[in-house]
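Please look at the sequence and the model first.

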Amino acid sequence: MRTQHEESFRVFARDQAAALRRSAYLLCGDWHLAEDLVQTTLTKLYRAWRRVDEKTQEAYARKTLMRTWLDERRKPWRRAESRDGVVPDTGDSESDPAVAGQRARTRNLVLRALAEVPPRQRAVLVLRYWEDLPTAEVAAALRCSEGTVKSQASRGLQNLRGVIAQHDPDYVGVGAEGTA
Amino acid sequence: MDERTLREGMRDAVGGEPPLGFDPDQVVDKAGREQRKRRAMVGTGLATLVVLAGVATIPGALGAYDQRSVTPAAPVVETSPSKDEDLPLPGMDPAEPEKESGAEINYPEKKLGPHEKSLAQHAGKAVAEVAPNMDDVHVVHSSIPVRGKPETDKTRRLEITVGFTDEVGPTSTMVSIHAPGTVSESPSRICAPDSGDELTRRQCRVISQEDGSTLVSSLAAPDEGPRGALVRTVRHFRTNGAVVQASAYTFNPQQLDPSKLRRETALTDEQLTELVTDPAFTLTE
């Protein structure tokens, strides 16, 4: 890679590493694995950097991350692994204990629910509702039709509700009120 | 759960993230090392395949197996860069190749002397001659890049960029004149499967000339250029050890605009060949 390409890639890697790790974490529920996924993604991006259009660099990185994670899921030793979405202990800057408690509860539930949703549905949910990508871009990232994205998103949300109802029936009610 | 709650939940989930546990710069360094290693391995693999294909073809080409003659089991396999057998060309001084190892030290470009200035002017005229349909033919830039510490006052390389406009739009061609003994790479190495450019190369041909010189014509993706761009290069390895090289592009190297990509390079193989074989392009007077 030419020096100027390498320098632009370095800037991109420094800027995007944290954001990519957040997306990876929502996919896998483990900060360590999320870092592994981001490092693999950056290595793949490095090889393709010269061909990546400047305007689509971030989208290309997200797409690469998603495929890296789906590939990771297909590895036999990962297939056997069951993630429970355990959240590491972290502080909360919220001074109101009630708000902080509600936030922790939401966090636990969301991570637990995401961990139990099938991988492709989870990928759709993260791209659609975390990355805020339009359906067409999600479809391109996952190499499927827009119809599939819509149905996977709908089923994913339904599955999330099911998991949450199982673990915290009261919470489903809160969410439903929010929608109305 | 609705979409809004999911979004909030995701935001909360990543809210208490730990500090980044790796250095992105180190990942980039490692990726660079891996890519170089991978390229070397691909080259070695291709070289081995070529040799194996050769071994498999020879008995068939020779016809029925002759019991009286003993065919070597396999030719010598060279899978790593070694001293080129077709070097030195007459007039070349292999003891003083251009010091690639000195690439880290870039000295300022040397000023053009009267001979180099006249060569630059000649380049403009030569391009106008080989491509008479071009408009606005002019010398964009000419320079004597110095790589490594210059040991003599002699010019080792002159680069001339000639701009022009054809029916597609403006573009340019670059002519590089290398003094005898300054190019260490042999014609066959340029097209070798492990030359380092094998991943970006589309075509590469070595053509021996009647006068003992050699032409190398290649089509490859440029180091710098829009996606899908190509550069056609013809090199003339002369009998006195000098090398003259000319390149034409499917884009305008001065703008690198991906929307203005051409279907073909602005100059053909024949036009570039005419340029590089021009006897006036020489640094030795």
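The text below covers the interface, the salt bridges and the nonpolar cores.

This is a predicted model, in which local features need pLDDT of at least 70, side-chain atom pairs count only at pLDDT 80 or more, and totals for chains, interfaces and linings use all residues. Residues are numbered from 1 along each chain as its sequence is written, chains are lettered from A and ligands numbered from 1 in the order in which they are written, and side-chain values use heavy atoms, with hydrogens and water left out.

**The interface**

Chain A gives 47 residues to the contact and chain B gives 35, where contact means heavy atoms within 4.5 Å. Together the two chains bury about 4000 Å², with 61% of it on carbon and sulfur atoms; buried area is the accessible area (1.4 Å probe) that two parts lose on being put together, summed over both. Six salt bridges are found across this interface. A salt bridge is a side-chain nitrogen of Lys or Arg within 4 Å of a carboxyl oxygen of Asp or Glu.

**Salt bridges**

Side chains of opposite charge can pair when their charged atoms come close. The structure holds 15 salt bridges over all chains, including these:

| Pair | N to O distance |
|---|---|
| Arg22(A) and Glu17(B) | 2.6 Å |
| Arg14(A) and Asp25(B) | 3.0 Å |
| Arg232(B) and Asp269(B) | 3.8 Å |
| Glu34(B) and Lys30(B) | 4.0 Å |

Arg232(B) and Asp269(B) are both buried, which is defined as under 20% relative accessible area, with exposed over 50% and partly exposed in between (1.4 Å probe, protein chains only). By contrast, Glu34(B) is partly exposed at 30% relative accessibility, and Lys30(B) is partly exposed at 47%. Arg14(A), with a relative accessible area of 42%, is also partly exposed. A network of salt bridges links Arg14(A) and Asp25(B) with Glu6(A), Arg10(A) and Asp29(B).

**Nonpolar cores**

A nonpolar core is a set of buried Ala, Val, Leu, Ile, Met, Phe, Trp, Tyr and Cys residues joined through side-chain atoms within 4.5 Å. The largest one has 55 residues, and Phe9(A), Leu42(A), Leu125(A), Leu142(A), Leu160(A), Leu6(B) and Met10(B) touch the most other members. Apart from this core lies another, of 28 residues, among them Ala123(B) and Ala248(B). Leaving aside neighbours within four places in sequence, Phe9(A) is in contact with Leu42(A), Leu45(A), Tyr46(A), Trp49(A) and Val28(B).
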